Structures are given as C-alpha cells and as structure tokens.
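Okay, thanks for making time, everyone. Let me put the structure up and talk you through a couple of its pieces.

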Amino acid sequence: MTPADYEFLRKLLKDRSGLDLSADKQYLIESRLLPLARRAGLPGLPELVQKLKSGTDALTAEVVEAMTTNETFFLRDKVPFDHLRQTILPDLLHTRANRRSLRIWCAASSTGQEPYSIAMCLKELGSTLAGWRIEILATDLSQAVLEKSRAGIFSQFEVQRGLPIQLLVKNFTQTGELWQLNADIRAMVQHRQLNLLQDFSHLGVFDIIFCRNVLIYFDQNTKVNIFERLSRMLEPDGVLALGAAESVVGITNTFKPYPERRGLYRPNIAPVIRVAAPTLVPQTMRAVAAAR
Ligand SMILES: C[S@@+](CC[C@H](N)C(=O)[O-])C[C@H]1O[C@@H](n2cnc3c(N)ncnc32)[C@H](O)[C@@H]1O
C-alpha cells in the first residue's frame, strides 16, 4: 500500500466513523481489509482503494464496519452496573415515581451484551417496576453487530465472560452449543442503526446514557462535539456512563464526575442555557435532517 492509499483510507475512516488512526497503523488496515478485498475479488489494497474512489457505497460501508472494534461482554467492568443497581436506578425510580417511565440509551451497543446487561439489572428489580414504561434503546454504526444483538444468541464463550451463572440460568435458553436470551429480555431492548458523528437529537431526552468504549477511538475535537451533543440528550439529573479508560476530564466541562461513582457523569449545563453545538454531519445530511 502506498502512503497515498493509506492516507485515503485513513481519511475515509475518520470521515465515516470517527476512527482516528495514527500514521503507524498500516498493519491494522492490512490485516482487516486484505481479507475483505479478496472476498470482493480484488488482488490487494491498491485495487480496493481504486474501487472505493469510484464511489461504491456498499463497499465503503463494509470497509468501515471491518475497521470497527466490537469487543464487548456482559456486565463489562462490573462497577457501573453495581452503581446502576445500588444507587442510580433506586434514585431515578424515586424521582420519576410520578411519571413512571425511564429512558436508557446504549450509544455504541455492539453485539448487545451491554444493553441486555442493563435489561437484566432492571428485571432484577422485580415488581418495583410494575406499571413502569421502560425503554432501552441500543444503537450502533454497524448493521452486522445490530443483527447479532437482535437475535440475542451467544456462544458458550460469550456467556462465560462476565455473566454470573444465576443470570445465565434465569435469562437464557440453551440450544446445543448456543444460548439465546429469553424473549422477555430481548423485548426490553429496541435496536436502531446510528452513527454518533451524525445528528441524534431526534432520539429525545434520556435518563441514562451508556456511551462506553467508543469515544476512545476518536480525536479530541470529535469527542468534544459528541460530549456537547450528549449533554443535551440527558435529563439534568441523568447519568452518563463511560468506559473504564475514558473520562471527560480535560476534554469538556459539559459533564462533571458523579461523586464517588467511577465512570459515571452528570450533565454540567442547566437545560435553559444549553445551546446547539455544530454537528459533524456533512452539510447535505444536515439539510436532510432539517427537512425531516
Ligand atoms: C468496543 S465496542 C463497545 C461496545 C460496548 N459499548 C462496550 O463497552 O462493551 C465499540 C462499538 O462502537 C461502534 N462504533 C464505532 N464507531 C461508531 C460511530 N461513529 N457511531 C456509532 N457506533 C460506533 C462499533 O461498531 C462497536 O460496536
């Protein structure tokens, strides 16, 4: 691959998904895109770049998907889910007692382990939630991971990572080597394709947003922009959960750390003074969004 080909792919990935590859990641591109090129009947990456330049949307989407990292597992990092069960949900159930509804968004949900972990935590609350309207929205850039998430079918290896045996027995049905989440848990999660670089204000306001282990792949400006837009999607007493290696500190003041709750944040801006931040959506897409 020539430096010009690498630069073309680097820019395409940054523009389409936010992925910010440094100059030394040629091996990563080669290991992920060479098999894709071969499957498309192309001898190598220079030919793939040529084909992408001629503007095939389906191939571009495949390239973007192939470069995303979909690593996830049930109850990942454990601590945010402990906080969710022990304080966040009890507090929200108290403050929302009149309206009896909760909206939760998993903003880079991958193959579903994260939104379904949330659903299982909620189910553990039992009759406390009787009569409540609970919405868990799972979104991701990749259609492939959303398909898998919708099916709710996981391998032995996947259910062994992070999931206590009691939750496995209670919420899954074994079919041969695979485990399928029971219909009640699957029904708690809605799926939708969504690119975080694009406008997401149409989703409405949430009580809890999980946006974990995705911003880590983006550059500083993209993170700032997404944090600003996320802050306008949360109730003033809502909670943002980030990944263990992620933080808002030194990036944005639109969120502040939730006291003594590592990985959790609260919006820092009162709703009345929230102002629109520019989205990263290209002009043409913004016009489409505005016309909706
Ligand atoms: C490493 S996984 C994290 C999954 C889960 N949140 C967790 O922490 O276990 C990152 C996910 O972000 C998705 N992703 C990458 N870029 C995205 C973008 N621009 N918009 C939405 N999702 C994106 C990927 O497809 C992938 O499924």
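**A helix and a sheet**

So, the buried residues of α1 are covered by parts of the chain that include α2 (26-39), α3 (45-53) and α4 (57-67). Contact here means heavy atoms within 4.5 Å, and helices are DSSP runs of H or I of at least four residues, strands runs of E of at least two, numbered from the N terminus.

Quick caveat: this is a predicted model, where local features need pLDDT of at least 70 and side-chain atom pairs count only at pLDDT 80 or more, while totals for chains, interfaces and linings use all residues. Residues are numbered from 1 along each chain as its sequence is written, and side-chain values use heavy atoms, with hydrogens and water left out.

Which residues of α1 are buried? They're Asp5, Tyr6, Leu9, Leu12, Leu13 and Ser17; buried is under 20% relative accessible area, exposed over 50%, partly exposed in between, with a 1.4 Å probe and protein chains only. They sit on the same side of α1 because they cover an arc of only 130° around the axis, taking directions from the helix axis to the C-beta atoms. Over on the other side of α1, Pro3 and Ala4 are exposed. Just after α1 comes Gly18, with a positive phi of about 90°.

β4 and β5 (residues 178-181) are joined over 4 bridges, and Thr173 has Gln180 in β5 as its bridge partner.

Conventions
Two strands pair if DSSP finds at least two bridges between them.
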